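User: I've just opened this one and I'd like to work through it step by step. Can we go over it together?

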Amino acid sequence: MTKTTLSVKVNAKDYDLDAVRYAAYAVSDAAYVFIKPGVGGVTVEFVPKNAAAKSISVRFKGELKDEKLRASIFDANRDLREFMILKALVYEEIPAGVRQEDSGLTPEQEKELDALIAQVEGEIKKESAGNKTKDPLGITRTWEEKYGAKNGRKKK
Amino acid sequence: MAQKTAAKKSKKTTSVLPQVLWRKIGASYLLTNDSGHYAWLKEKDFALVTAGGMTELHPLFSELAVKGFIRNRLDFNDLAAKWKKKNAYLNYGPGLHILVMTLRCNHKCLYCQSSAAGVGDKKTDMNLATARKSVDFAFNSPNPGITIEFQGGEPLLNWEVLKGAVEYARKKSGTAGKELKLALVSNFSLMTEEKADFLLKNEVSLCTSLDGPKNLHDKNRICSSGNSHSDTVKWIKYFQKRCKKQVTEYRVFKPSALLTVSKYSLPLHKEIIDEYVSLGLEDIFVRPLAPIGYARKLWGTIGYDAADFAAFYLKSLDYMLKLNRQGVVIREKMATMMLDKIVNLQDPGYLDARCPCGAAIGQIAYNHNGDLYTCDEGRMVGWEGDDIFRIGNVFKDSYKKVMTAPATKVCVVSSNLEAQPACARCAYKPYCGVCPVYNYEVQGSLWGNIPSNDRCGLFKGILDTLFTLLKSPGNAEILKKWVTK
């Protein structure tokens, strides 16, 4: 078993410390890894457990490159991923034919509520009919009421 | 000219991939995502995708877009629905409840993880009051379907209590509004016609251990009578016969068997599979040995490393595929469960490979004295004198207290793959899981060290094999049939 220590210098401009840390962890099955501050970056030292030091440094560099790509993809997608998982957590599959929402009310309460809504709608209608003259600019009138349907009025 | 450039631009994707994981296998890249989809890419296509150069004109574009691998074509409703289906277990409580009827056993298996006691040691028998209280506790789970599994030791050594627990559970299920499944794991050596009748009438599914042909089985599973294999085979045949002659009053399930692979099994994959086929068993669970309990002390004699197991697994799967091509019905259970995730994008209920693992939130082990553990493996650690995985007691603790016990929480946290640095980056994350008990026993911490973890090596080997086999249309057809519902 070789105990030769090998070191690799990592430039901080190329890889951030998080990437170095993960790459070091990824090869921790084969070596004890020491990350030490260096000029313009860090020096990574490997004390092999059972494999040749050279193969560990090759693996480490590969992991470093992979981790840089992974980190950029993860950063770019963090919000999208959180959105998707949040959507999944609140997603509820409703079987076909059972689309109607359960309001939690009894049939009597539902009837009472419908009657109340009808009453309020009636009052609003009555009020708006009575107040027609109070809207001389026609602000409360819809576009269709003012100018007719949009069909055939293509923009040139 | 400007129009032409705009049209050209619209054919381009954005410059980054959505959230994906990848693994290089041979000359190809396997891509996976959170919803469980996967795709194979050649090295040049992988480079193209990561550089944002893949256009709609590329032959793989549509497939990648449908599977959620193209960032500006994500169908969030579809991906979210698939994620939800795959992780459905997060909405339920524990479904598997393992009642240890006794620690006594009439076998002394080489690899025994159950830490069995001697046949005369009756103080390790569960009494009826504890069995009933355990059943009550199991019914507290919000899971709409629960399975109560009777284990040991050898559970038939405590027959009267087992019988009482079955009757009580069946009676309770009538009013509890839950689907109840009952299962017995036994070596069958103490089975009688009377016991068999009772179990079948109460729809208890039966599972035994079968390690292969007589020589190998009896070498692994040492029994005081010396003929463990003969007893096992006799009763498998009996239950097969009863299953074929279904009756109208109750369902008779097919018996099943579990294989534990010891070092002695490694050269005998064909003989083991042939033994299963000859007994009409349609599923074989090629289970690796874990260095937990008694097996840890004998690891040097009966253990092996991940590479040895992966080679054995591949040979076994190859042979089963060959038999399938000849019309023989035989499936590998681990493959079936993984394929359910890979092909059907759903959770097969395999508690060892999910995130977080099934410890406490998917299963509970009830020791003979009413002590509760995160899982059966956790109970075995307790038997060795370390109660780190104990989460309560049926007589003293409420369901809520058990679900929020420190051991429950720590198992959930340490088996969350998002928090495991290597797993969070692994292409197999959507299908895999870690085991805090294994990590604790083998590596000395609940988190373990995944890069040097042999269990991780085993799962990687199995998943490498399955994904590689799925590339071949002939193999894929057979494997997909295994999980066609």
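User: Which element gives the most residues to the side of domain 1 of chain B that touches domain 2 of chain B?

Analyst: The two domains do meet: the contact takes 6 residues from domain 1 of chain B and 5 residues from domain 2 of chain B. On the domain 1 side, the biggest giver supplies 3 residues, and that is helix α4 (residues 76-86) of chain B.

User: Why does the radius of gyration of chain B agree with a compact globule?

Analyst: Start with the length: chain B has 485 residues, so a compact globule would have a radius of gyration near 23 Å. The value for chain B agrees with that, at 24 Å.

User: What share of the residues of chain B count as buried?

Analyst: For this count, buried takes 20 or more other C-beta atoms within 10 Å of a residue's own. Across the 485 residues of chain B, the share that passes is 47%.

User: Which element of chain A gives the largest share of the side that touches chain B?

Analyst: The contact takes 20 residues from chain A and 20 residues from chain B. On the chain A side, the elements giving two or more residues are α1 (17-26) and α2 (53-90). With 13 residues, the largest share comes from α2(A).

User: How many nonpolar residues does that side of chain A have?

Analyst: Sort that side of chain A by class again: 2 residues are polar and 5 are charged. The nonpolar ones number 13.

User: Over which residues of chain B does pLDDT stay under 50?

Analyst: Chain B has a mean pLDDT of 92, and 96% of its residues reach 70 or more. Where pLDDT is low, though, the predicted coordinates should not be read in detail. In chain B, the stretch that stays under 50 is residues 1-15.

User: What ipTM does the predictor give the complex?

Analyst: Two scores come with the complex. The pTM is 0.85, and the ipTM is 0.84.

How values were computed. Residues are numbered from 1 along each chain as its sequence is written. Chains are lettered from A and ligands numbered from 1 in the order in which they are written. This is a predicted model: local features need pLDDT of at least 70, side-chain atom pairs count only at pLDDT 80 or more; totals for chains, interfaces and linings use all residues. The radius of gyration is taken over C-alpha atoms; the globule rule is 2.2 Å times the number of residues to the power 0.38. A residue is buried if 20 or more other C-beta atoms lie within 10 Å of its own, exposed if 12 or fewer, and partly exposed in between; C-beta atoms are placed from the backbone. Two residues are in contact if their C-beta atoms, placed from the backbone, lie within 7 Å. Helices (H or I, at least four residues) and strands (E, at least two) are DSSP runs, numbered from the N terminus. Ala, Val, Leu, Ile, Met, Phe, Trp, Tyr, Cys and Pro count as nonpolar, Asp, Glu, Lys and Arg as charged, and the others, Gly among them, as polar. pLDDT is the predictor's confidence in each residue, from 0 to 100.
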